[in-house]
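Thanks for asking me to look this one over. I have put my comments in numbered points, to be read with the model open beside you.

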Amino acid sequence: MMTSGLTFRLVVGTYILVFFSLVVGSPISHASEEFENWLTRQTRLSHQYLLNDISPEGTVPGVVIAAPSKHSPDYYYHWIRDSALVMDVIISDYEKAMTPEDQQKYLKMLFDYAEFSRRNQETPTRSGGLGEPKFNVDGSAFNGEWGRPQNDGPALRAIVLTRFAKLLLKQGINTTWVRQRLYDNQIPTHSVIKSDLEYTAYHWRESSYDLWEETRGQHFYTRMVQRRALIDGSELAHQLGDEGASEWYSRQAKLLEVEIDHHWDPNQNQINATIDWDGGNPYKSSGLDVAVILGVLHGSRLDGFFNPEQDQVLMTAFKLQKEFKNLFEVNRNENLGVAIGRYPEDIYDGYSIGVQIGNPWFLATSGYAEYFYRVASQWKQAGEIRVTSINLDLLKSLLKSSPESQQLKAGQVLMSHQALFQQLIGRMQEEADLYLKRVQYHTGADGQLSEQFNRVTGFLQGAPNLGWSYASFITALWERDRFFAEK
Ligand code: NOJ
Ligand code: NOJ
């Protein structure tokens, strides 16, 4: 708390500076340079902390702990969801590695993770199938009470390992291992990806617990990552000559799409996170949840099915943002992006349930940054923005009260040479930056991110050094780089 207090004051100081340089309006302001420097530093630190969560001493190789904390809260487990999201970052690190030593280091982590994942699949658990949410750090089953199954897990693991398999095949590295351990064309299968795909293809109709481990029913998040796993997996199966399976997986994905469409609620103009509720958390009345935005980030293949820039997703994102703006006291600060939590009715404070009320989360706030960069990139790539009766108000609000905003009309198609198009893209990127500035404001003195930050004081709260918080910061930053690299 002491160090966070100091950071808090330092950061407040920084923002006064930022504010002044914005008002004075110097072309290359000290402030933006400082923000850029912070982004670079925070990316480096986030990597360091994230690596500390991978197979720490006393755990078996391949384990990714959610966070180092062993009590209040106890996050010292290998969660299928968290570990997949962390290892997705490691695949990119492997791709970007500059030295053979680094390459080998990341490659070993990925091999270990794949082998450990296979071991998880072979371990008998209470849920019986592959939807077991977490394992002990010696690889044994966790047999306590828990919300199980969680069927986003096998899908996320398949997505990440499929990405790894495709990469190794392309590089011609360890291809025999890929064909035996990752995807083996056999039924029954002995390989990790095919096991997850078979599980997903046969069980996607069943209800399961959501990514927050609280609510049972049908979830947009779970279904989006299941769909992506099946399509990515179908491509891999085809590449490896498993044609029948390839077709079967892609057929299941098509059937899933019909169900995913039912999450859109045209009366409320939002995508509902959960439908067909059948147990667990009964107090999520708004239907709004950042899980929808994360579902698009982790699940969209940018193939036109719930793309980030589509009206339904945009509407949901803005609606949810408005809720959090009013809900959290820290959001009274107008110069930063809105601090985002999980869902408005949340009462998990990072330690226990029901004692206090929910807070903003780092992974949700960085997720919003990543989301808006991706929307801006999609617009840039398409070279056009379609103004519709649904997104009109939202685009206007993005332009604030500028006189140009009055020109916007539903039915218009803004083309890339038009000033309004450029303005909208620029504004979207600025909005995205503001979310990262929000993260900056609440980050610990040495770049630490916990799970949450307090809704009133802004201090770090919940599990310290949560791997997923770092992963989501890093991927947001990469999405920002991609936006600027895009012509
Ligand atoms: C721990 C879970 O991981 C978290 O998502 C949940 O909100 C709390 N338990 C309360 O159920
Ligand atoms: C609670 C979160 O709700 C859940 O999504 C996550 O998997 C666990 N914590 C571990 O980080």
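1. Some ground rules to begin with. This is a predicted model, in which local features need pLDDT of at least 70 and side-chain atom pairs count only at pLDDT 80 or more, while totals for chains, interfaces and linings use all residues. Residues are numbered from 1 along each chain as its sequence is written, chains are lettered from A and ligands numbered from 1 in the order in which they are written, and side-chain values use heavy atoms, with hydrogens and water left out.

2. The whole structure holds 35 of them, each defined as a side-chain nitrogen of Lys or Arg within 4 Å of a carboxyl oxygen of Asp or Glu. One of these pairs Asp152 with Arg81, at 2.7 Å from N to O. Asp152 belongs to helix α5 (residues 152-171) and Arg81 to helix α3 (residues 80-96), so this bridge ties together parts that are 71 residues apart in sequence. Helices here are DSSP runs of H or I with at least four residues, and strands are runs of E with at least two, numbered from the N terminus.

3. The cut-offs are under 20% relative accessible area for buried and over 50% for exposed, with partly exposed in between (1.4 Å probe, protein chains only).

4. In helix α4 (residues 100-122), Lys105 and Asp102 sit 3 residues apart, about one turn of the helix, and their closest N and O atoms are 3.9 Å apart. Lys105 is partly exposed at 36%, and so is Asp102 at 29%. In helix α7 (residues 192-203), Lys194 and Glu198 are 4 residues apart, again about one turn, with 3.6 Å from N to O. Here Lys194 is buried at 1%, and Glu198 is buried at 15%.

5. There is also a network to trace. Salt bridges with shared partners link Lys166, Arg227, Arg228, Asp232, Glu235, Lys254, Glu257, Arg301 and Asp303 into one network.

6. Thr162 lies in helix α5 and is buried, with a relative accessibility of 1%. Beyond residues up to four places away in sequence, Thr162 touches Ile193, Asp232, Gly233 and Leu236; contact means heavy atoms within 4.5 Å. Asp232 is also one of the members of the salt-bridge network.

7. Asn391 is in the loop between β8 (384-386) and α13 (392-398). What is its relative accessibility? The value is 5%, so Asn391 counts as buried. Apart from neighbours within four places in sequence, Asn391 contacts Asp311 and Arg386.

8. Finally, the ligand. Around ligand 1 are Trp212, Glu213, Glu214, Arg342, Tyr348 and Ile353, where a residue is counted if one of its heavy atoms lies within 4 Å. By class, this shell has 3 nonpolar, no polar and 3 charged residues (Ala, Val, Leu, Ile, Met, Phe, Trp, Tyr, Cys and Pro count as nonpolar, Asp, Glu, Lys and Arg as charged, and the others, Gly among them, as polar).

9. Please check the oxygen atoms of ligand 1. A polar side-chain atom of Glu213 lies 2.3 Å from one oxygen atom of ligand 1, one of Glu214 lies 2.4 Å from an oxygen atom, and an N or O atom in the Arg342 side chain is 2.9 Å from an oxygen atom. Taken alone, ligand 1 exposes 300 Å², and the protein buries 77% of that, by the Shrake-Rupley method with a 1.4 Å probe.

Technical notes. Polar contact = N/O pair within 3.5 Å; in protein donor to acceptor, adjacent residues only side chain to side chain.
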